[in-house]
Structure formats: structure tokens, C-alpha cells
Amino acid sequence: MSHSSSSSSFGTPARSGASGTSGGAASRGASRGTGRGTGRTAKPRFGFGLVGPRRDRHSVPLDQLEALSLPVGDDGMVIGVDAENRPAVLGINRPVPYDVTLIGGLWTAQVLALRAAATGARVAVETGRAQAWTALAQAAGGGQPCIALHDVGRVPPQGASAGSPVVVVRDCGMRPPRGRVVSAPWQSVVTLLPYLSPVAPRLLEKSSLVGVQRVSPDEAAQIGRIMSLPRHEYEALSTLADGVTLWCTPSDRQFVMTQGTDAETGLLGAARRMD
């Protein structure tokens with residue numbers, strides 16, 4: 001790539017020949033610019049913009065252009081790495097309603113809440129075990145109230161907007177009641193289920209995104225039927241390591257390993273499936 005600024009004649013004085021001559025184009029231009037018979041030299045013409053900087057050309061050989069490329073991924077929060085150790089990104093703040101169901105452990109749900117708050121979202125946690133979330137809510141945001149805890153069924157309207165997106169985390173046990181606050185533009189809802197429960201099929205079918213951590217072989221087979229998973233993928237669900245989640249959409253599936261940062265590990269401990 002090269003960059004150069006073309007020179008401009010505007011704003012530069014005209015060159016004149018010897019005084020008293022009448023045939024040269026330069027002297028005619030000088031006399032027109034100064035008035036006839038005055039003998040004064042031409043003045044710069046202002047008002048036509050500045051002359052650009054004069055620098056040497058910068059060039060790169062064609063076979064080296066790729067070295068200038070920058071890796072730009074999707075927009076959202078990093079939820080871990082995929083099988084090729086590339087960042088896996090979840091766009092949690094969306095202008096349309098977005099429902100996520102996670103069949104997994106509290107540790108993963110809390111990491112997601114922390115990282116959602118780090119993107120600038122307000123996080124409302126609806127939970128029947130506030131003691132498990134209190135330390136996280138107090139530590140998040142550097143003293144700013146970015147994670148709020150609410151009893152089950154007591155989440156007030158959040159007033160989500162593009163400038164103030166909201167993530168509602170529902171940690172309401174095996175049979176979460178229908179929430180008063182539902183997904184809406186700029187307000188996503190993440191429902192945590194510790195295991196596959198009787199309400200799980202309904203939640204999985206209505207969710208935009210489903211995450212599944214280690215479950216029993218019977219649960220894995222049932223999830224495979226609901227989510228139309230290939231056999232080798234749903235059979236793997238009973239052998240997943242702590243921190244590994246299979247994230248599914250109607251058109252895509254990806255195994256992701258979530259690893260805590262130093263701050264997350266210091267607050268929540270190591271990744272675990274059971275609580």
C-alpha cells in the first residue's frame with residue numbers, strides 16, 4: 001500500500017521573468033496578479049486550501065500485504081475457546097429478544113454473568129439461593145451496582161435500551177416458574193437448569209441458544225432427540241470435562257472450554273460442574 005499527497009499550485013507565488021519584458025507568459029501572469037505598471041511581485045493566492053504534507057512514499061510488496069491484516073472476530077463476550085483454541089464469542093446484547101438455556105453448573109452461569117457485566121450490561125439475577133451470588137454481586141463492577149439480586153418472581157421491570165442493555169439470569173432450580181420479566185429487545189434471559197427437568201423440553205425448544213454441560217447418558221440421549229444432535233455429539237455429553245459446554249443453535253453447534261481468568265478463579269474457584 002502506498003500513500004502520497006499530490007502537490008497543489010494554489011497558494012504558491014508565480015514565477016516572473018525579468019522586469020520590463022512584455023512577451024513572457026510568466027511576466028504576463030505577474031502583471032495580471034499585481035496590476036499594470038506597478039512593478040510589484042505577485043502575491044500568493046489564498047483561500048484554496050492547504051498544501052498537503054510532503055513525505056516519502058510508504059510501500060509494501062504485494063506478497064507482504066497479508067502481514068498488515070488484523071484479526072477481527074464477532075461482537076460480544078468471550079465465553080471460552082473452541083477445539084482449535086480460538087476465542088468463542090457470544091453476542092448477548094441484541095436488539096431482539098434472546099433466550100438462552102444452560103443445562104449446567106452454577107460456576108459457568110456466574111462466569112457468564114460477570115462477563116456480561118463487563119460488556120456494560122446490567123445483570124439481574126433471579127435466584128432462590130442468594131447466598132451463592134452475594135459475593136459475586138458485591139465484587140462485580142468495582143463498587144458499582146451492576147449485578148442485582150432478586151428473589152424468585154420479584155424481578156422488577158428493567159427498562160432495557162440500546163444504551164443500557166440488560167441480562168436476566170434465572171437461577172430458579174429444576175422447575176423455574178414463568179418469569180415476570182421476559183426477553184425483549186436489548187434484554188436477554190439466561191435460564192440455568194442443573195439437570196434435565198420436566199420443563200426442559202419446553203425451554204430448549206423456545207431458546208435461541210442452548211448450552212449443555214455434562215449430563216447422564218439417558219439425559220444426553222433425550223437432549224439429542226430434542227436438539228437433533230448427531231449421535232457422536234450427544235454421546236459425548238456424558239463425558240465432558242468440567243468447564244466444557246456444547247452450545248447449540250438450530251443451525252450450528254460448538255464445544256467450548258470456559259477457563260476462568262485469575263480474577264474469576266479467585267472469586268469463584270476452579271471450573272466445576274457440580275455445586
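Contact is taken here to mean heavy atoms within 4.5 Å. On that basis, in this predicted model, residues 24 or more positions apart account for 63% of the contacts in the protein chain with a separation of 6 or more. The secondary structure of the chain comprises seven helices and 10 strands, and 36% of its 275 residues count as buried. The accessible surface of the protein chain amounts to about 16200 Å², with carbon and sulfur atoms contributing 53% of that area.

Helix H5, which spans residues 217-227, has buried residues at Glu219, Ala220, Ile223, Gly224 and Met227. Because the buried residues fall within an arc of 140° when H5 is seen down its axis, they line one face of the helix. Asp218 and Arg225, by contrast, are exposed on the other side of H5. Just after H5, Ser228 adopts a positive phi of about 55°.

Elsewhere on the chain, Leu62, Leu65 and Leu68 make a nonpolar surface patch of about 300 Å². Of these residues, Leu65 is placed in the loop between helix H1 (25-34) and strand E1 (77-81). The relative accessibility of Leu65 is 31%, and this residue therefore counts as partly exposed, the class that lies between buried, at under 20%, and exposed, at over 50%.

Methods: Residues numbered from 1 in each chain as written. Predicted model: local features only at pLDDT ≥ 70, side-chain atom pairs only at ≥ 80, totals over all residues. Heavy atoms only, no water. Buried < 20%, exposed > 50% of the residue type's maximum accessible area, 1.4 Å probe, protein only. Helix = DSSP H or I, 4+ residues; strand = E, 2+ residues; numbered from the N terminus. Arc of directions from axis to C-beta. Areas by Shrake-Rupley, 256 points an atom, 1.4 Å probe, with all protein chains shown as cover. Patch = residues over 30% accessible without salt bridge, like charges linked within 9 Å, V, L, I, M, F, W, Y side chains within 5 Å. Salt bridge = Lys/Arg side-chain N within 4 Å of Asp/Glu carboxyl O.
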